[in-house]
Amino acid sequence: MFIENAIFLAYATTIVSEITIILAIQRPSEIWQWIVAIFLINSLTHPLVIYLLRVQGAPYVPVEFGTFLTEMIWYKLAFNLNWKRSMIVSGIANAFSIIVGVGIRLIFGLQ
């Protein structure tokens with residue numbers, strides 16, 4: 001698989017899985033506002049994650065932890081959540097997207 005396709009697949013997986021799980025957790029009445037915000041937040045963090053992991057060769061766990069913290073702050077600000085709820089939403093969303101991504105890689109035999 002070309003690197004561009006792999007990056008797009010990872011990005012699409014992240015967007016779809018995180019939107020799905022956050023909407024399921026939060027059940028907001030303003031669904032489209034939440035979808036747009038989640039899309040934008042992940043569109044900011046995902047390219048940085050790819051750059052740090054693939055170009056800079058940064059260790060996975062610190063990069064993912066930084067992503068979790070960054071998205072936690074953005075979710076708090078965007079959705080007016082308290083810190084605890086923001087931490088829960090960010091943690092579950094990131095864990096879910098990692099699990100879905102690993103599952104897709106295993107199912108389709110991708111590296």
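When I say helix, I mean a DSSP run of H or I with at least four residues, numbered from the N terminus. Arginine 27 lies in the loop between α1 and α2.

Before I go on, a word on what we're looking at. This is a predicted model, where local features need pLDDT of at least 70, side-chain atom pairs count only at pLDDT 80 or more, and totals for chains, interfaces and linings use all residues. Residues are numbered from 1 along each chain as its sequence is written, and side-chain values use heavy atoms, with hydrogens and water left out.

Back to arginine 27: is it buried or exposed? It counts as exposed because its relative accessibility is 70%. The cut-offs are under 20% relative accessible area for buried, over 50% for exposed, and partly exposed in between, with a 1.4 Å probe and protein chains only.

Asparagine 80 is another one to look at, in the loop between α3 and α4. Its phi is near 55°, a positive value in a residue other than glycine. Asparagine 80 counts as exposed because its relative accessibility is 69%. And just after α2, glycine 57 takes a positive phi of about 70°.

Now the helices themselves. Helix α1 covers residues 3–26, and its 24 residues reach 34 Å from first C-alpha to last, close to the 34 Å expected. The expected span is 1.5 Å times one less than the number of residues. α2 has 25 residues and reaches 35 Å, close to an expected 36 Å.

What do the buried residues of α1 pack against? They pack against α2 (31–55), α3 (60–79) and α4 (83–108). Contact here means heavy atoms within 4.5 Å. Among the buried residues of α1 are Thr13, Ile15, Ile19 and Ile22. The buried residues of α2 include Trp34, Ile38, Asn42 and His46, and the buried residues of α2 pack against α1 and α3.

That brings us to the core. A nonpolar core is a set of buried Ala, Val, Leu, Ile, Met, Phe, Trp, Tyr and Cys residues joined through side-chain atoms within 4.5 Å. The largest one has 15 residues, and those with the most contacts inside it are Ile19, Ile22, Trp34, Ile38, Tyr75, Phe79 and Leu81. α1, α2, α3 and α4 each supply at least two residues of this core. Take isoleucine 19: it touches Ile35 and Ile38, leaving aside residues up to four places away in sequence. In soluble globular proteins, nonpolar side chains tend to be buried together.

Leu44, Ile73, Trp74, Leu77 and Trp83 make a nonpolar surface patch of about 560 Å². α3 gives the largest share of the patch, 3 residues. For patches, residues need over 30% relative accessible area and no salt bridge, with like charges joined within 9 Å and nonpolar side chains (Val, Leu, Ile, Met, Phe, Trp, Tyr) within 5 Å. The areas come from the Shrake-Rupley method with a 1.4 Å probe, and for residues only the protein chains shown count as cover. A salt bridge is a side-chain nitrogen of Lys or Arg within 4 Å of a carboxyl oxygen of Asp or Glu. Isoleucine 73 is in helix α3, and it counts as partly exposed because its relative accessibility is 38%.
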